[in-house]
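Have the structure open as you read.

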Amino acid sequence: MTATDPDVRIPDPIELDELEEERLRAAAGLGPRRVAGDGAGPAARPEYAGFDQVGLPDRPPQTEREQRLFTLNEGEMLLNMGPQHPSTHGVMRLLVKVRGEVITDLDVVLGYLHRGIEKLCENATYTTVLTYVDPMDYMSAMHNEHAPAIAFEKLYGIEVPRRAEYIRALVVELNRVFSHGLMMGFLALDMGGLTPILYGFINRDETVELLAAISGQRMLFNFFRVGGVNWDVNDEFINRLSRWRSNVEKTIGDNELLLTQNEIFTGRTKGLGVLTARDAISLGVSGPNLRASGVPFDVRKAHPYSIYDELEFDVITQPQGDSYARYMQRVAEIKQSIHLIDQIVDKMPHGPVQAQVPGIIRPRPGRAYAAIESPRGLYSVYAISDGGPNPYRFRMRDPSYITLQVMPKLMPGHLIADTMAVMASLDPIMGGVDK
Amino acid sequence: MRLLLDRFPGTVSQLWTDTDTVEVQVPRGQIVDTLRTLRDDDDFGFFFLADAAAVDYGPQNWFEVVYHLYSDRHPAWLRIRVRVDRKSPHIPTVTDLWEGAMFHEREMYDMMGIVFDGNADLRRIFMSPDYRSFPQRKDFILPDDAADSAAAGVNPLERPETWDLSRFTDALPATETHPGSDETAVEAGETLADKSRPR
Amino acid sequence: MDLDLLLGVGRFVLATTLLLLLTVPTAFIIIYLELKVIALMQLRIGPNRVGPYGVFQSAIHGFKVLAKEDFTPDNADRPIFTMAPWMVFMAAAMSMLVIPFAPGLVALDSEISVIYFFAIIGLSVVGLLVAGWASYNKYSLLGGLRSAAQMVSYEIPLTLSIVGVVILTGTLSFTEIIAWQHAHGWAILWQWIGLPVFFIASTAEINRTPFDMVEADSEIVAGFATEYSGMRFGFFFFAEYVSLFIMSAILVTLFFGGWLAPWPFPAQLSGFGGMIYGLFWFLLKTYFFVFVSIWARATLPRVRVDQLMGMAWKVLLPLALVNLFVTAIVVLVFGL
């Protein structure tokens, strides 16, 4: 066998990488690379002594809040819901302190899906940033692209063609319809109803097929460009849109038949997890959840971006602020979005869909802030340019991340079963939460 | 929005007006008072804390904490920038004003290592609790800092030696990582917004 | 030794073996039905790969369960952990003994078969409780405790709801009850309060949606079955579907005349022909109620634990008691 020949040793590619890295590090004046657990880190400190016997946590609590959480009274136990749990909407962990079935305390533990998208975007060009933000809130990828696109256009100082603005509004509202439609299904699924989620997915499938027809991709659309959109819509698309419209009204109607008047559903959601307007504002809740608490704050209306000042719509609110109100808010917003889509299609002008933009965009140094209304609330981007091809800082405020702070506030005193009913009604998406 | 200058003669040190956002720079000590006035005063009515983010201006040796507020009175966004020293990044918390600032501040602590004095629950949120460095700083080098993580020990807040600020200045020349930071222009008194206004 | 005794023992062994063997196709059929019916209700196709229309899907499921690794958690209480699945399964299988399938087709035609049935079916709660306890898992524990609370609560309206039928017919034997219904018409004509109480309570008793708190997957993962895998999980799974069949069968027996056709039983059919004829009607009615249960599963969300308890004590129990007293008075006064 030739492989045993001692003179000809083919180095492992991984080994090559390591050698190369070693060489580079030496050139940069850095020490040898450290690996995890090699003992080079700080030695065991006295305050950790004994903690391995306690069980959970295996480290001293960092804050008073954590200490209170981990201090168990008589009859209490800690229950980890997640990271592997059937209904945590992604990979998150709810650390729940329960007495019997009654929750006495709750902590949200995040980071299982953290990909460092902000850091990635700082190393990407402005055009490629729009592809990185797609998988953040994967239920509303169009919205994720919308805010950075606006921010970069502000930085670069270009005008978007009007037809492109209309197409943007169109796809964004389409996205909102299926996102809200799925929320109805998730809420039912978390309460044991199996069917609404599938009707929601029928709706979603039709919508993403429609969006794929113009963007080329089904889930992460990559449709927005700095200064416009990638493709134009044609008449065939508009025809399909009217067919889609009747279908989506049917599936949403079916879901409403299954849920809205359902005795078990209303019994489990009405009066549950009541979020007052004051608390909601203080906690930074936004979007449908805030409007379900009676605060008429909708970025589309409050600070119109794109073409929303040309469209007619009202800010819908619900006075109750409970899970059922949040559900009804979504149902109302689906109908509103369909109404908006009708208006957009009626008013859509002709013209180009993409402004003249160079391949590599180098905006002048400056800062831009763009906020949009995503299906989960206020989604905003704060971008800083230093004149180079990459953003110096790219900050995304994801609504579902902030909304999750509501959980420790609302849950104590409720049952374990209610955790899911409240969380699903807040509709967080972990891809957005963990950035 | 010139109202801001009248109301805060001593505190507001810089003011820019962008195309859609008014930008204010506030000293670190007065941030809580300023934000409280902005929120509670009827002239302003900035009831909603839309965003709070940290920016690492490495070469200038400071962080910047940026708050975005929304007011329905005007209606407008307001950007408030607070400089924080990079050597001892401390800033008063605003969780007393908006409870929702908690996750913002925890994220800033986690990613940038900015300590919010008075925050009752300042711990890691995305990274594991035993992680020892701050990934979104500009001087974060992936293999080194990632290697520090697993079970190496908790990083309590008051342990600045783990923050390893020296590496930034020692190992990497500042100009190499981020050329042409905008802050020089601001120092000279020229506003950025003037430069970045659309042509 | 006595020949009668030997024959009796032989008959018993034969019947028990047959019934145990019967549980397997019963569970398979119901699992397939559930997959297919729910799929059609959700506008999906459902199983369509294994055999025509996917009819062997549940058999494949069974083989998969057999082939899986069967592990025990480190800290589990091994003997009890191993015992729990067959406690549940045997409770279900043993209660099949008294089900009258057709005229002459009943394994154990006892005079107190009603009492026997409710005594045995109540045993399954012990299995679920110890399964939850022995697993050394918090979710399992919660599931086990939920099952204990739920089943103990629902035993009472369940049992009370059939006392009406017992008073009406004056017997504790299922075959006698059917004979009474042959003479007087189906018991549902008199027991229209008893039926919904029995149906709801039996749904809760066998942990079907909307009362499946015990294994509420969105709350407590899989409840008592969280740590089970392989054939031990298979036993739980089987027991659930066999109990569904049994409860539907008992419902049909008590309220819908068991093997009786909706019109008078043809007198010329006797012996084997009558058996087949009765079996046909019995299975038809039973599977109709199995279908209703599947239908409910596709439609309804799950109720909450406290709502479930409230319903048992505040609604079902008074209703069952009212039904009991009214029936007793009517029987006393009119002497049906």
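The bend at a residue is the angle between axes fitted to the seven residues ending there and the seven starting there. In this predicted model, helix 12 of chain C has such a bend, of about 35°, at Met311(C). How far apart are the end C-alpha atoms of helix 12 of chain C? They are 42 Å apart, which agrees with the 44 Å that its 30 residues (305–334) should span at 1.5 Å a residue.

Met311(C) is also one of the buried residues of helix 12 of chain C, a group that includes Val305(C), Leu308(C), Leu316(C) and Thr327(C).

Now to another pair of helices. The axes of helix 3 (residues 78–95) and helix 10 (residues 230–255) of chain C come within 8 Å and cross at roughly 25°. Angles under 35 degrees count as roughly parallel, so helix 3 of chain C is roughly parallel to helix 10 of chain C. The crossing is left-handed. Among the residues making the contact are Trp86(C) and Phe89(C) of helix 3 of chain C, and Phe235(C) and Val242(C) of helix 10 of chain C.

Finally, the meeting of the chains: 27 residues of chain C are in contact with 26 residues of chain A. Helix 9 (217–220) of chain C is among the helices that each supply at least two residues of that side of chain C, and helix 9 of chain C gives the most, with 4 residues.

Conventions: Residues numbered from 1 in each chain as written. Chains lettered and ligands numbered in written order. Predicted model: local features only at pLDDT ≥ 70, side-chain atom pairs only at ≥ 80, totals over all residues. Expected span 1.5 Å × (residues − 1). Buried ≥ 20, exposed ≤ 12 C-beta atoms within 10 Å, placed from the backbone. Axes fitted to C-alpha atoms, helices over the stretch in contact; angles between N-to-C directions. Parallel < 35°, antiparallel > 145°, perpendicular 65-115°, else oblique. Left-handed = near helix turned anticlockwise from the far one by under 90°. Contact = placed C-beta atoms within 7 Å.
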